Amino acid sequence: MSAPNYSIVNYDMFVLTGIPGLKELHVWISIPFCLMYLVAVLGNGILICVVAVEHSLHKPMYLFLSLLAFWDLILSTSTVPKALSIFWFDDVNISFAGCVTQLFFMHFAFVVESGVLLAMAFDRYVAICYPLRYSTILSLGVTSKIGSVVVLRSFATVFPIVFLVKRLPFCRTNIIAHTFCEHMGLAKLACADITINIWYGISVPLLSVMLDMVTIVISYVFILRAVFRLPSQDARLKALSTCGSHVCVVLMFYFPGVFTVIAQRFGRKIPKHVHILLANLYVLVPPMMNPIIYGVKTKQIRERVAPAFSSKGKCC
């Protein structure tokens, strides 16, 4: 029997099916998704606004935090609105260009956030291990350069994926069993060799994120060593409290992400709808929780949220 001829059609439109097997529950699933997205947009928007208008918060820690909030918005906004339109209006069609744009910004935001968390760990390292030199080492100029390097590194890491996907012919099927486009999910639909996509998709972005994670762990080893050398228990507790919010955010960012990657690669017995629900929660929960964690745990932010949004209209 001859091999099927896939050269007849090259799809430029794709169909996002939503969550396979749970279509009758799409409307109900959309309710928590929508609420979490609204909380993420409101919380991160408030955080960015407060840091922008309060000059006392123009310090490295808060500038990195506002950068994280901005990319939280990009991460969730690149995926959730399309998912909600599928759930509510059965708007399943997406162009190839739209699909590539969506997967680029999703992966781009993910790698940027990993770099920002590393920058925030460096900020805490300098603040605790070299407190007298903190303002010299992390001046506003240095902070802006670190932010620029994080974004440029992430762009250089993720942008080749666009070319790796655009070179592929898509002629087997145009149905994507997901709520959003992602690199390997789209590449697997191609009727061509995707070996380079597989290797690049796994190794380069994952290695950059893993390197960030390992470096953060190493930085906290030095931080803990410095903290336990402090003379008084009050000083140790105060130093640890300044890192509490960052540790919570780091754990919430990396653990679900690593679990999702492992589940996708090795959890073949896990139902498809579970994979997709986990992927959607991953782009929703961290952006929703990050501003809440920092708002609750960071006194400087708590004290300025109410005045910044008072009747004076200082913000937004």
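Author: Start with terms. Helices and strands are DSSP runs, numbered from the N terminus. The model is predicted. Now ask about a feature.

Reader: Where is the place of Asp90?

Author: Asp90 sits in a loop. Helix 3 (80-89) lies on one side of that loop, and strand 2 (93-95) on the other.

Reader: What is the phi of Asp90, which is not a glycine?

Author: Asp90 has a positive phi, about 55°.

Reader: What does Asp90 count as, by relative accessibility?

Author: The cut-offs come first. Buried is under 20% relative accessible area, exposed is over 50%, and partly exposed is in between. Asp90 comes to 44%, so it counts as partly exposed.

Reader: On to rings. How is a pair of aromatic rings described?

Author: Two values describe such a pair: the distance of the centres and the angle of the planes. In this structure, a search of the whole model finds 20 aromatic pairs. One of them is Phe14 with Phe96. Their centres are 6.1 Å apart, with 40° between the planes. That pair is tilted.

Reader: Which parts does the pair of Phe14 and Phe96 tie together?

Author: Phe14 belongs to strand 1 (residues 13-16) and Phe96 to helix 4. The pair therefore ties together parts that are 82 residues apart in sequence.

Reader: Are Phe14 and Phe96 buried or exposed?

Author: Phe14 is buried, and Phe96 is buried too. Now take another pair, Tyr125 and Phe222. The value is 6.1 Å centre to centre, with 70° between the planes. This pair is edge-to-face. Tyr125 is in helix 4 and Phe222 in helix 8 (residues 195-227), so the pair links parts 97 residues apart in sequence. Phe222 is partly exposed, at 34% relative accessible area.

Reader: Which residues do ring pairs link into a cluster?

Author: The cluster holds Phe70, Trp71, Phe104, Phe105, Phe108, Phe155, Phe159 and Phe163.

Reader: Last topic, cavities. How many cavities of 30 Å³ or more does the count come to?

Author: A cavity is space where a 1.4 Å probe fits but cannot get out. The count here is one of 30 Å³ or more. The largest cavity has about 50 Å³ of space.

Reader: Which residues line the largest cavity?

Author: The lining is Met61, Met120, Asp123, Arg124, Thr242, Ser245, His246 and Tyr294. By class, that is three nonpolar, three polar and two charged residues. Helix 4 (96-129) and helix 9 (233-266) each supply at least two of the lining residues.

Methods. Residues numbered from 1 in each chain as written. Predicted model: local features only at pLDDT ≥ 70, side-chain atom pairs only at ≥ 80, totals over all residues. Heavy atoms only, no water. 1 Å grid on protein atoms, 1.4 Å probe; cavity = no way out; pocket = protein on both sides within 12 Å on 5 of 7 lines; lining within 4 Å. Points joined across faces, edges and corners; volume = space filled by probe spheres on them. Helix = DSSP H or I, 4+ residues; strand = E, 2+ residues; numbered from the N terminus. Nonpolar A, V, L, I, M, F, W, Y, C, P; charged D, E, K, R; others polar. Phe/Tyr/Trp six-rings, centres within 6.5 Å; stacked < 30°, edge-to-face > 60°. Buried < 20%, exposed > 50% of the residue type's maximum accessible area, 1.4 Å probe, protein only.
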